[in-house]
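Please look through the model shown below, and keep the chain in view while reading the paragraphs that follow.

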Amino acid sequence: MSFTTLGLNEAILRAVKEEGYTTPTPIQKQAIPVILEGRDILAGAQTGTGKTAGFTLPLLQRLGETAPENRKKRVRALILTPTRELAAQVHESVRTYGKHLPFRSTVIYGGVGINPQIQTLRKGVDIVIATPGRLLDLIGQKALSLAHVEFLILDEADRMLDMGFIHDIKKILALLPKKRQNMLFSATFSNEIKRLADGLLDKPVLIEVARRNTASEQVEQTVHPVDKKRKPALLTHLISENDWRQVLVFTRTKHGANRLSTHLEKAGISSAAIHGNKSQNARTKALAAFKDGNVRVLVATDIAARGIDIDQLPHVVNYELPNVPEDYVHRIGRTGRAGNEGEAVSLVCVDEDALLRNIEKLIKRTIPKKTVNGFIPDPSIEPEPIRQRGGGRKRTPLGEGKPRGANGSRRSGSRGRSQNKPAETSHSNRNHRGR
Ligand code: AMP
């Protein structure tokens, strides 16, 4: 099946072709015709399935079909995302797929100056991609109105709820006109998501594609048992020996990411670290350098890596296993995307055996273990407990304005450094979330 049978117009097909896509992914096959019909959709799709094009392509076409007489200065489509990174990526997709169309789009999120965003909005845009907190700030400042929105997309809605944005979302929904087309994308369907969908969608068409957990079978996974102190040496060995050119490496902590990045640089391997203590600009720059091939290894913490989308990322390394088994699935989901093969390697020391067992339970398979010559673990080393700062599963976004409390107010103390500063793996790293 090719894109031409989906009902998309020539300008959009041309952009798709220029991207090199020949076959629509399953989510695209299902979602595009339904959205083109003007129906609401509730889509179960994780990142990596091609969901962004799945909603962006038909959205662009619908915008052309429903163009009002005076569309100047009216926001007609609103795409909400949980994080800055995802917002930026969706914006990039909107620009890419819409490059032969006249629509203006902009992305708004916290952590960067608000004035340039106000100025862009004043000039008038058709499509806004936003994270909830900053969007509400801009609405509060009368920099934009949602009174003419015809299309609403909630991307990664489950993550938005996880991050505590439900009140912000409700406030935003209250500002939208009643008549509009809604699209809700979520990787999971909790009761909370179902409630949100019930209140939001009008006779939606339900679309579900294979979960990444099953798609992750496309990723070749290996565990290399190794002593903790030998991990840096093993990583440099693997990179050099296999001549890996683009590697995403995960660490558990921000400090660990910095330390490892410095170690790699010293070993002559170009590297950058991204985590919550880095400014948005530093992160964007590091990611761009990594994408361009100027940085060979990107060392990231889980939160910083959320939503990173790099075509055909061939290697993911778990330098340390995550405390939360689901994060393993997210991490390895960075590779093997949209039908490409990928490789995920985990360096596991004796302290991490329990974490590995939990991961294997979650993915319902045993990951093959391979020791590397010269790095065989010393059996006399006793396991030590993994130091956990903070705790709890739920966490807050790196890239977003603060979720507000139930009364709509900003949570107090969110500007300064949190007193009990948690690790990135824990709940509430509010101090990292810029406005
Ligand atoms: P997404 O799930 O939207 O994050 O997309 C995952 C990746 O798949 C992105 O890098 C897209 O550029 C890529 N992609 C989307 N649609 C296609 C397609 N039909 N063929 C090949 N790659 C695609």
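Which residues does Gly44 touch, not counting residues up to four places away in sequence? This is a predicted model, in which local features need pLDDT of at least 70 and side-chain atom pairs count only at pLDDT 80 or more, while totals for chains, interfaces and linings use all residues. Residues are numbered from 1 along each chain as its sequence is written, and side-chain values use heavy atoms, with hydrogens and water left out. With that exclusion, Gly44 touches Ser186, Phe189, Ile207, Glu208 and Val209, where a contact means heavy atoms within 4.5 Å. Gly44 lies in strand 1, residues 41-44, and it counts as buried because its relative accessibility is 4% (buried means under 20% relative accessible area, exposed over 50%, and partly exposed in between, with a 1.4 Å probe and protein chains only). Between Gly44 and Val209 there are 6.4 Å from C-alpha to C-alpha, although the two are 165 residues apart in sequence.

In the chain as a whole, residues 24 or more positions apart account for 77% of the contacts with a separation of 6 or more, and 57% of the 435 residues are buried. The chain has 16 helices and 13 strands, which are DSSP runs numbered from the N terminus (helices H or I, at least four residues; strands E, at least two).

Asp126 is found in the loop between helix 5 (115-123) and strand 4 (127-130), and it counts as buried because its relative accessibility is 1%. The side chain of Asp126 reaches the backbone nitrogen of Arg104 at 2.7 Å.

Elsewhere, 6 strands form an open sheet with parallel pairing, in the order 8-13-12-9-11-10, where two strands pair if DSSP finds at least two bridges between them. Its edge strands, each pairing on one side only, are strand 8 (219-225) and strand 10 (271-274). Strand 10 pairs with strand 11 (residues 297-300) over 4 bridges in the parallel sense, and Ser271 stands opposite Val297 in strand 11. Helix 11 (residues 231-242) packs on the sheet, and its direction makes about 155° with that of strand 13 (342-348), the axes being lines fitted to C-alpha atoms, for helices over the stretch in contact, with angles from 0 to 180 degrees between N-to-C directions.

Technical notes:
A polar contact is a pair of N or O atoms within 3.5 Å; within protein, one must be able to donate a hydrogen and the other to accept it, and residues adjacent in sequence count only if both atoms are side-chain atoms.
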